[in-house]
Amino acid sequence: MTPSQRRNPMALNGMITTPHYLASQAGLHILRGGGNAVEAAIAAAAALTVVYPQMCTLGGDNFWLIYNASSGELRGLNASGRAGRHADREVYEGMDAIPSRGPLAAITVPGVVSGWEKAHKYSGKAMNGRLEWSDLLEEAIALCSGVPVSESLAGWLERDTDETDREQAYLQRFAEFARVFLPDGRPLRTGEVLVQEDLRETLVQLAQKGPRDFYEGQIARRLVDGLAEEGGLLTMKDFRKHTADWVEPIGVNYRGLSAYNLPPNTQGVSSLQILAMLAERDMKDLPHGSADYYHYIVEATKLAFADRERFVTDPEFAKIPLKKMLSVKHARECAARIDMAKAQSHPCLLAPKGDTIWLGVVDKEGNAVSLIQSIYNDFGSAVIPRGTGVILQNRGSFFSLDPDHINTLEPGKRTMHTLNPPMILKDGRPLLVYGTMGGEGQPQTQAALVTRILDFGMSPQEAVDAPRWLYGRTWGAASNSLKMEGRVPEEVRQELAARGHDVETVADYTDLMGHAGAILIDRETNPAVDGRPGRTVLHGAADPRGDGLACGC
């Protein structure tokens, strides 16, 4: 991929960033028409389920942080699905793990639509939202009639129909998937037109009958019956019982700023723990791009993930010591354990992939949204119930079959989620809306964006463009490695290897690092002077590793 040619998009009246340019435009259309940040986020998220099906669909989950400018309130919304009532460990007797593809991977109710529904109701009630539900789905419906296949979608289709990989890829073995994405017997290529008529009909019905049809009406029935034909487990009762839930955001202090995220079942606590450990060091001691900079963040990541493996799951099923995990005392103790001369081992193999979208929106009133939406692995379970066009997620495959594991599978349980939408506030108002896709990479890339923008003064676009890393595992690997883009200087990579890191050099601008984005809300450059009101400038960023666009009005 060629180096980023993006500049630093700026605007005064609204900004949106998503990993696909057509979705960004869908959200921008809402902002220009007087819609608020929540309404724009729903329109963009709906468009992404059409144009970015490798990363998110109606069959996935989402999580929200919503800042209400009129009330000064920050709200969290958990729209992740629970395991069906028939999904228990006995179903997988004789297996080492839940399959990552197929009907036995699609065991959690999709939460995406319930998140849109609850956010839309809140927008109308508390944020002066004026747009109807159906208005927000118009662009997604139109895109179903035909959209050029993007580079990212074409690349994932090629990888996931690899005939030599019958376990993780070879998705053409699923008949409906093949019919939609391999219409001529081969995967669609960049620039060819993807048409999704069944999905269009589902979205039209959703627009006309409302979001509850997805859980209680004809759409739900088609999903359940189509999944049952494939040997699936979810029932109409599972769908009817599903709810998205408002949750209290959790936070830590980061150099006098308030960093927020969502509580478990998300790994938001891990993202915040890394920032809390970083706050224990003066960044002058960890110059950007140095071996010390990378080493410290990677080591902090290992410590945060160790806590995550011990404690993070559905809080309805376990007591999680959140207060201790987020305490300054714990951050200080963890920071003191980091040996700057030597990499520590991490005992757990990390999940090899998590494909997701993150989007951010800020409107002219100062409302802000950080939204993350996913189907877990690329194309999720790859199961499309006949007649729906909806790819169901495989998030349930993240459950453990070990009865003693904190995240063991149980009916009605939400699995631990890698998804987590961050936001940083200054004096009670949003300063940085940011995030990324990428499973285990989310807390790591979040740390990169925060340090680069807030500690080293980069613009959001410079921070997103800069070389990235990922500590974790790839498919089939028996150990974790530290993957670094080749743009990281060789001498830095060699120094990290000398400290004991298993350094693996990967391509420049590889989407292995996820598709990140950010919006910086600058209220200081143009302050009020001589009675003239101050002006807020919004600085956006989209990732050159994806097909995204940051645009404003």
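Strands, loops and a cavity in a predicted model

Trp469 has Met484 of strand β15 as its bridge partner. Trp469 belongs to strand β14, which covers residues 469–472. The neighbouring strand β15 takes in residues 481–485. The two strands run antiparallel, and four bridges join them.

Next come the two sides of β14. In a regular strand the side chains alternate between the two faces of the sheet. On one side of β14 are Trp469 and Tyr471, and on the other are Leu470 and Gly472. All four of these residues are buried, so both faces of the strand are covered.

A buried residue can also be found in a helix. Thr202 lies in α7, the helix of residues 197–209. The relative accessible area of Thr202 is 3%; it counts as buried because this is under 20%. Its contacts, apart from neighbours within four places in sequence, are Leu58, Ile219, Gly387, Thr388 and Val390.

Two loop residues may be read side by side. Asn128 sits in the loop between α3 (112–126) and α4 (138–144). Its phi is near 60°, a positive value in a residue other than glycine. Phe379 is found in the loop between β11 (368–376) and β12 (423–426). Phi of Phe379 is near 65°, again positive in a residue that is not glycine. Phe379, at 0% relative accessibility, is buried.

Searching the whole structure gives two cavities of 30 Å³ or more. The second largest cavity has a volume of about 70 Å³. Its lining includes Thr17, Thr18 and Pro19, as well as Trp358. Also in the lining are His515, Ala516 and Gly517, together with Ala542, Asp543, Gly546, Asp547 and Gly548. Two strands, β2 (14–18) and β17 (516–526), each supply at least two of the lining residues. Sorted by class, the lining of this cavity holds four nonpolar, six polar and two charged residues. Asp543 and Asp547 are among the lining residues, and Asp counts as charged.

Key: Residues numbered from 1 in each chain as written. Predicted model: local features only at pLDDT ≥ 70, side-chain atom pairs only at ≥ 80, totals over all residues. Heavy atoms only, no water. 1 Å grid on protein atoms, 1.4 Å probe; cavity = no way out; pocket = protein on both sides within 12 Å on 5 of 7 lines; lining within 4 Å. Points joined across faces, edges and corners; volume = space filled by probe spheres on them. Buried < 20%, exposed > 50% of the residue type's maximum accessible area, 1.4 Å probe, protein only. Contact = heavy atoms within 4.5 Å. Pairing = 2+ DSSP bridges.
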